[in-house]
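Student: Hi, I've got a model open and would like to walk through it with you. Could we chat about what stands out?

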Amino acid sequence: EGGVDTPVSSFNAAGVGVTLKFNYQKIDMNGKFYNKEDAKLVYRKFPDLAIEWQWADRNLFNSGLNFTKLNVQLRQNVRLQKLGYLQYSIEAGKTWGTVPYPYLNIPFGNQLILHDDEAFNLMNFLEYACDRFVTVHVQQHVGGLLMDRIPLLNKLKWRNFVFARAYWGDITAANNGEIYRFPDNLRALTYGYYEAGFGIENIFKIARVDFSWRLTDKNAPDVYTFIVKPSFRFSF
């Protein structure tokens with residue numbers, strides 16, 4: 001309060017980054033930390049592990065910023081025999097240093113019409129910022145366990161599933177818009193954010209529909225608390 005804003009036309013960061021991956025029984029790995037090919041329905045004995053480390057330094061690399069970032073991700077598809085299969089993804093990360101908001105962790109929001117498995121589908125773009133976080137995505141696909149027991153519907157071979165997504169995080173005072181300002185709609189996350197719902201898949205072999213509820217911060221401006229989103233993929 002009482003400070004003076006000093007606009008700048010641009011800023012830069014320069015440094016090094018390393019991504020390490022371990023995928024049991026998978027040969028063709030992609031070097032990107034976020035890669036949707038890794039999320040394909042493949043069952044493996046051990047979780048897929050990805051680690052991303054980034055370091056920027058003013059003195060060594062002539063960078064405009066000093067920071068260190070570390071992200072760790074685990075994901076796996078687990079067969080559960082008659083109960084179908086479980087998909088989960090767990091990610092945690094931290095940013096050391098004082099940085100503008102693009103270098104913080106911004107959870108993936110999705111305001112598009114189509115559903116995105118990797119995003120929070122009732123969160124707006126650029127809604128929250130954190131410099132340390134943990135996020136968990138879980139889907140339980142039960143196959144025909146329920147749908148095959150409903151007359152007439154069982155002939156359609158639809159499949160259903162339930163899901164939950166959570167994001168926990170906080171932010172240090174230095175990164176909470178005090179030095180580098182946030183855009184108007186972006187704010188710090190100081191509690192958990194949760195979504196949950198259910199869906200139907202294998203509709204005409206290509207379509208899926210997700211019914212999602214936003215469970216926290218439901219009075220935030222310009223947000224939906226419930227939405228139905230389709231997506232399209234081949235499933236058998």
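**A buried asparagine and its surroundings**

Tutor: Asn105 counts as buried, at 12% relative accessibility; buried means under 20% relative accessible area, exposed over 50%, and partly exposed in between (1.4 Å probe, protein chains only). This is a predicted model, where local features need pLDDT of at least 70, side-chain atom pairs count only at pLDDT 80 or more, and totals for chains, interfaces and linings use all residues. Residues are numbered from 1 along each chain as its sequence is written, and side-chain values use heavy atoms, with hydrogens and water left out.

Student: Where is Asn105 found?

Tutor: In the loop between β4 and β5 (128–129). Strands here are DSSP runs (E, at least two residues) and helices are too (H or I, at least four), numbered from the N terminus.

Student: And what does the side chain of Asn105 make a polar contact with?

Tutor: With the side chain of Tyr167, at 2.3 Å. A polar contact is a pair of N or O atoms within 3.5 Å; within protein, one must be able to donate a hydrogen and the other to accept it, and residues adjacent in sequence count only if both atoms are side-chain atoms.

Student: Which residues is Asn105 in contact with, leaving aside neighbours within four places in sequence?

Tutor: Lys69, Tyr128, Ala129, Cys130, Phe133 and Tyr167. Contact means heavy atoms within 4.5 Å.

Student: New topic: how many residues are in the largest nonpolar core?

Tutor: Eleven, among them Ala56, Leu65, Phe67, Ile106 and Ala129. Such a core is a set of buried Ala, Val, Leu, Ile, Met, Phe, Trp, Tyr and Cys residues joined through side-chain atoms within 4.5 Å. A second, separate core has nine residues, including Tyr128 and Cys130.

Student: What does Leu65 touch?

Tutor: Not counting residues up to four places away in sequence, its partners include Phe11, Ala56, Pro100, Tyr103 and Tyr180.

Student: Is Trp96 buried or partly exposed?

Tutor: Trp96 is partly exposed, with a relative accessible area of 40%. Trp96 lies in strand β4 (residues 85–96).

Student: Zooming out, how many helices and strands are there in the protein?

Tutor: One helix and eleven strands, and along the sequence the pattern reads β-β-α-β-β-β-β-β-β-β-β-β. The C-alpha atoms fill a box of roughly 70 × 45 × 25 Å, taken along the principal axes.

Student: What share of the residues is buried?

Tutor: Buried residues make up 39% of the 236.
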